[in-house]
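This briefing is meant to be read with the sequence and the three-dimensional model side by side. Please take a moment to look at both before going on to the points below.

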Amino acid sequence: MEQKTLPACPVETTLTLISDKWKVLILRDLLTGTKRFGQLRHSVGNVSQKSLTAQLRQMESSGLVNRKVYAEVPPRVEYSLTELGFSLKPILDAMQTWGEAYKTRTEG
């Protein structure tokens, strides 16, 4: 895991690790299981290859994502959540619940 000075505030620490829109969507998609790069790019949405690669590298460095490379031609790379990454599930569940309630309240 990347060792850098983390903020004193726990909320700020969490935001530091998942503050990018793509990171939250990557977490959401990896909660259902291991994905290849192309699957993630498709499921996350309108993300560039460069941006997705950068986000995955940061998440791997933070200890949230595992990257497994298979010695095949062409190379196959799979991404999955670490135990630490999976521990963010309650936060994403709460975000989903809140988002659904907000949509119901504002659309009704």
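Predicted model: local features only at pLDDT ≥ 70, side-chain atom pairs only at ≥ 80, totals over all residues.

Residues are numbered from 1 along each chain as its sequence is written, and side-chain values use heavy atoms, with hydrogens and water left out.

**The chain as a whole**

- The chain holds six helices and three strands, where helices (H or I, at least four residues) and strands (E, at least two) are DSSP runs numbered from the N terminus.
- Read from the N terminus on, the elements follow the order α-α-β-α-α-β-β-α-α.
- The C-alpha trace of the chain spans about 50 × 35 × 25 Å along its principal axes.
- Of the 108 residues of the chain, 31% count as buried, a term that means under 20% relative accessible area, with exposed meaning over 50% and partly exposed lying in between (1.4 Å probe, protein chains only).

- Sorted by class, the contact of helix 1 with helix 2 has four nonpolar, one polar and one charged residues, where Ala, Val, Leu, Ile, Met, Phe, Trp, Tyr, Cys and Pro count as nonpolar, Asp, Glu, Lys and Arg as charged, and the others, Gly among them, as polar.
- The axes of helix 3 and helix 4 come within 11 Å and cross at roughly 110°, and these two helices are therefore roughly perpendicular to each other.
- F37, L40 and R41 of helix 3 make this contact with Q49, L52, T53 and L56 of helix 4.

- Three strands form an open sheet in the order 1-3-2, with antiparallel pairing; two strands pair if DSSP finds at least two bridges between them.
- Strand 1 and strand 2 stand at the edges, each with a single partner strand, so one side of each is left without a neighbour in the sheet.
- Helix 2 (residues 21-30) packs on the sheet and touches strand 1, strand 2 and strand 3, while its direction makes about 95° with that of strand 3.
- Two bridges join strand 1 (residues 35-36) to strand 3, and R36 stands opposite E78 in strand 3.
- Six bridges join strand 2 (residues 65-70) to strand 3, and these two strands form a hairpin with five residues between them.

**The nonpolar core and V65**

- The largest nonpolar core has 21 residues, and those with the most contacts inside it are I26, L27, L30, L52, L56, V65 and Y79; a nonpolar core is a set of buried Ala, Val, Leu, Ile, Met, Phe, Trp, Tyr and Cys residues joined through side-chain atoms within 4.5 Å.
- Helix 2, helix 3 (37-44), helix 4 (49-61) and strand 3 are the elements that give two or more residues to this core, and the largest share, six residues, comes from helix 2.
- V65 is found in strand 2, is buried with a relative accessible area of 2%, and has L81 as its bridge partner in strand 3.
- Not counting residues up to four places away in sequence, V65 touches L30, L56, M59, E60, Y79, S80, L81 and T82.

- T82 lies in the loop between strand 3 (76-81) and helix 5 (83-86), and at 14% relative accessibility T82 counts as buried.
- Leaving aside its neighbours within four places in sequence, T82 is in contact with G63, L64, V65 and N66.

Definitions and conventions:
Contact = heavy atoms within 4.5 Å. Axes fitted to C-alpha atoms, helices over the stretch in contact; angles between N-to-C directions. Parallel < 35°, antiparallel > 145°, perpendicular 65-115°, else oblique.
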